[in-house]
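This briefing concerns the structure shown below. Please read the notes with the sequence and the model at hand.

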Amino acid sequence: MYAGSFDWNECLRPEGVRPYIKTALMSIITIHAEVYSINPDLVPRFLIQVIQMTSEEVLRLIQCIRKVGTNGSMQARLDIEALQQATAAFESTQSSTNFVEALDSIPDMSSAADRRFLDEHINKFKSLLIFQLRCFS
């Protein structure tokens, strides 16, 4: 999340979901594949726990941010919402609460245009990773 000395207050307008989200999802997909190869019936139990632990870590890291600029807020929302939507099939009440708390820790979007911008980037992210994200459906 903080690779390359990323600054949530001074960052540029988002160009897409940041690599740490893609890395987290690929790690979760790897766990899915390993569990599925042993016993497909265990996949939901494991992934629910993994998503919950991931959401707890995202919440912890988001709560550590001291100052968030407008672009940083958009980037954080883009990253969190993309992760949440990608893993929604294995979301628990606790992971949902963690994602909501993380989003509540970030300043709200200022306009409908910003919301459209965010939705477009989330849809682009999901379409680019459609093959990888199929294991979550």
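**Fold and dimensions**

The protein chain of this predicted model contains 6 helices and 0 strands. Helices (H or I, at least four residues) and strands (E, at least two) are DSSP runs, numbered from the N terminus. In sequence order the pattern reads α-α-α-α-α-α.

Residues are numbered from 1 along each chain as its sequence is written, and side-chain values use heavy atoms, with hydrogens and water left out. Because the model is predicted, local features need pLDDT of at least 70 and side-chain atom pairs count only at pLDDT 80 or more, whereas totals for chains, interfaces and linings use all residues.

**Overall shape and packing**

- The C-alpha trace spans about 45 × 30 × 30 Å along its principal axes.
- Of the 137 residues, 45% are buried (buried means under 20% relative accessible area, exposed over 50%, partly exposed in between, with a 1.4 Å probe and protein chains only).
- Among contacts (heavy atoms within 4.5 Å) with a separation of 6 or more, 76% join residues 24 or more positions apart.

**Surface**

- The accessible surface is about 7,800 Å², and carbon and sulfur atoms supply 54% of that area (Shrake-Rupley method with a 1.4 Å probe; for residues, only the protein chains shown count as cover).

**Confidence**

- The mean pLDDT, the predictor's confidence in each residue from 0 to 100, is 92 for the protein chain, and 97% of its residues reach 70 or more.
- Helix α4 (residues 93–104) has the highest confidence, at a mean of 97, and helix α6 (residues 130–133) the lowest, at 90.
- Where pLDDT is low, the predicted coordinates should not be read in detail.

**Residue V68**

- V68 lies in the loop between α2 (43–63) and α3 (70–86).
- V68 counts as partly exposed because its relative accessibility is 23%.
- Although V68 and W8 are 60 residues apart along the chain, their C-alpha atoms are separated by 5.0 Å.
- Apart from neighbours within four places in sequence, V68 contacts W8, N9, S73 and P107.

**Residue R77**

- R77 is located in helix α3.
- R77 has a relative accessible area of 6% and is therefore buried.
- Residues up to four places away in sequence not counted, R77 touches L103, I106, P107, D108, M109 and L118.
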